[in-house]
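Biologist: I am new to this structure and would like to learn how to read it. Could you take me through it one feature at a time?

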Amino acid sequence: MFSRSANYYDELYNTLGKDYSKEAKKIAVFIKAHLKTGGKQLLDVGCGTGHHAGLLSKHYQVHGLDLDPNILSVAHKKHPKIPFYRGNMIDFKLNKRYDIIVSLFSSIGYVQTKNNLNKTIKNLAHHLNSGGVMLIEPWFSPDEWNVGKVFTLHVDQPDLKITRMSHSTRKGHLSILDFHYLIGTKKGIKHQVETHKLGLFFKEDYLDSFHKADLKVIHDPKGLDGRGLYIGIKP
């Protein structure tokens, strides 16, 4: 995943213009509309560097979980008071349940297969209190994925220059992103490569996974920034 670029993740997405603060406010609105427990225990699954977690911790008691140890290290440094756990969203086991579980910025795509999607939603539901709410921000559907797209992103700071170029391909229901980084610092210039593989799921795939986990599900087509949002509510 983002192991090689973890230390530059925030700089890259700040340049892209991702508005975490605006998204956190929208998340709070969705939670208020659907949460029935009255509690404030929140688990951020696929938390990355903890940017959402830090903002949400102003209003909720937040824990974070991610599979990537390097990106978790960044999250720990940024937010030392937030507990972060290493685990795979498919089968992690924490000895507690939460009122709110969120998985944002399309992290769910990394489960890759429909079978794993079913396991993941079931596992998240297991960690959710009755009356709790789950917010899942999806990745692209098979119909939305564009093969052969090239995209560049640039960071231009006095002591840090980064150019990231990506190229998209596809293998069956897997979207594949090849990232190439040129990173310039006072120590010199280095080239790094990452390959990301994310599952392409239809709307019906998500809905089916929520139903199999015995959750009521609502699909908001816009969501936080246009990617849509699946809202699961545990009876």
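**Reading the sheet**

Modeller: Let's begin with the open sheet: its 7 strands follow the order β3-β2-β1-β4-β5-β11-β10, and the pairing is mixed. Strands β3 (84-86) and β10 (216-220) stand at the edges with a single partner strand each, so one side of each has no neighbour in the sheet. From one strand to the next, the twist averages 20°. This is a predicted model, where local features need pLDDT of at least 70 and side-chain atom pairs count only at pLDDT 80 or more, while totals for chains, interfaces and linings use all residues. Residues are numbered from 1 along each chain as its sequence is written, and side-chain values use heavy atoms, with hydrogens and water left out.

Biologist: What counts as a strand, a helix or a pair of strands here?

Modeller: Helices (H or I, at least four residues) and strands (E, at least two) are DSSP runs, numbered from the N terminus. Two strands pair if DSSP finds at least two bridges between them. Here, strand β1 (residues 41-45) and β2 pair in the parallel sense over 5 bridges, and the bridge partner of Asp44 in β2 is Gly64. Between β1 and β2 the chain passes through helix α3 (residues 51-56), a β-α-β crossover that is right-handed. Right-handed means that, with the strands pointing away from the viewer, the path from the first strand over the helix to the second runs clockwise.

Biologist: How many bridges join β2 to β3?

Modeller: There are 3 bridges, and the two strands run parallel. Gly64 has Phe84 as its bridge partner in β3. The β-α-β crossover from β2 through α4 to β3 is right-handed.

Biologist: Is β2 mostly covered or mostly open?

Modeller: Strand β2 is mostly covered, with 5 of its 6 residues buried. Buried means under 20% relative accessible area, exposed over 50%, and partly exposed in between (1.4 Å probe, protein chains only).

Biologist: What describes a pair of aromatic rings?

Modeller: The distance of the centres and the angle of the planes describe a pair. Rings of Phe, Tyr and Trp (its six-membered ring) pair if their centres lie within 6.5 Å; planes under 30 degrees apart count as stacked, over 60 as edge-to-face and the rest as tilted. The structure holds 9 aromatic pairs. In one of them, Tyr13 and Phe105 have ring centres 5.2 Å apart and planes at 80°, so the pair is edge-to-face. Tyr13 is in helix α1 (residues 9-16) and Phe105 is in the loop between β4 and α5, 92 residues apart. Both Tyr13 and Phe105 are buried.

Biologist: Which rings are linked into a cluster?

Modeller: Ring pairs link Phe201, Tyr206, Phe210 and Tyr230 into a cluster.

Notes:
Axes are lines fitted to C-alpha atoms, for helices over the stretch in contact, and angles run from 0 to 180 degrees between N-to-C directions.
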